[in-house]
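Dear colleague,

Please find below the structure that I am handing over to you, together with its sequence.

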Amino acid sequence: MNTDPIADYLTRVRNAFSAGHRVVEIPASNIKNEITKILFEQGYILSYKLIDDDKQGSIKIALKYNKQTKTSVIKKLQRVSTPGLRKYVSADDMPRVLNGLGIAIISTSHGVMTNKKATADNVGGEVLCYVY
């Protein structure tokens, strides 16, 4: 049993980037699907595919690399809120990642979204992770 599935998700993606893999497969859940969708919309991954082959299903993520330097597009994936220590922010205290160059993924009452969208919608929530 996994106590922190989001940390497991981020670690699998981080390990796949460091090993130079093109595709990584992760067990699916609703929150992981939403995080993957945000990473795709923000341009951090090439594509993703939801596979419903068993009870839980899985997500296949095609990783994105810089063509010239052959390095990963994602420099850092950092888990912020953990099961032992939740980190909540209001709309006024929304974090800025790398002075606006990165994103924070926030779980709000309106769904999972980036810090920029949460600020625009004037909602706060739990800070799941930083991506840059």
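Helices (H or I, at least four residues) and strands (E, at least two) are DSSP runs, numbered from the N terminus.

This is a predicted model, in which local features need pLDDT of at least 70 and side-chain atom pairs count only at pLDDT 80 or more, whereas totals for chains, interfaces and linings use all residues. Residues are numbered from 1 along each chain as its sequence is written, and side-chain values use heavy atoms, with hydrogens and water left out.

The buried residues of H1 are Ile6, Ala7, Tyr9, Leu10, Val13, Ala16 and Phe17. Buried means under 20% relative accessible area, exposed over 50%, and partly exposed in between (1.4 Å probe, protein chains only). The end C-alpha atoms of H1 are 21 Å apart, which agrees with the 21 Å that its 15 residues should span at 1.5 Å a residue; the expected span is 1.5 Å times one less than the number of residues. Just after H1, Gly20 has a positive phi of about 80°.

**Nonpolar cores**

A nonpolar core is a set of buried Ala, Val, Leu, Ile, Met, Phe, Trp, Tyr and Cys residues joined through side-chain atoms within 4.5 Å. The largest one has 26 residues, of which Tyr9, Val13, Leu39, Ile61, Leu63, Ile105 and Val131 touch the most other members. At least two residues of this core come from each of H1 (5-19), S1 (23-27), H2 (30-41), S3 (58-63), S6 (103-108) and S8 (125-131). H1 gives the largest share, 6 residues. Beyond its neighbours within four places in sequence, Tyr9 is in contact with Ile26, Lys32, Ile35, Thr36, Leu39 and Ile61. Another core, of 11 residues, lies apart from the largest one and has Val89, Ile106, Met113 and Tyr130 among its members.

Strand S8 is largely enclosed by the rest of the structure, because 7 of its 7 residues are buried. Two strands pair if DSSP finds at least two bridges between them. The partners of S8 include the following:

- S4 (residues 77-79) pairs with S8 in the antiparallel sense over 3 bridges, and Arg79 stands opposite Cys129.
- S5 (residues 88-89) runs antiparallel to S8 and is joined to it by 2 bridges; Tyr88 has Glu126 as its bridge partner.
- S6 is antiparallel to S8, with 6 bridges between them, and Thr108 is opposite Gly125.

Thr108 belongs to strand S6 and is buried, with a relative accessible area of 12%. Which residues does Thr108 touch, not counting those up to four places away in sequence? They are Met113, Ala118, Val123, Gly124 and Gly125. A polar atom of the Thr108 side chain lies 3.1 Å from the backbone nitrogen of His110, and the Thr108 side chain also reaches the backbone oxygen of Gly111 at 2.6 Å. A polar contact is a pair of N or O atoms within 3.5 Å; within protein, one must be able to donate a hydrogen and the other to accept it, and residues adjacent in sequence count only if both atoms are side-chain atoms.

Leu98 is located in the loop between S5 and S6 and counts as partly exposed, at 46% relative accessibility. Its C-alpha atom is separated by 19 Å from that of Glu126, 28 residues apart along the chain.

Yours sincerely

Key
Contact = heavy atoms within 4.5 Å.
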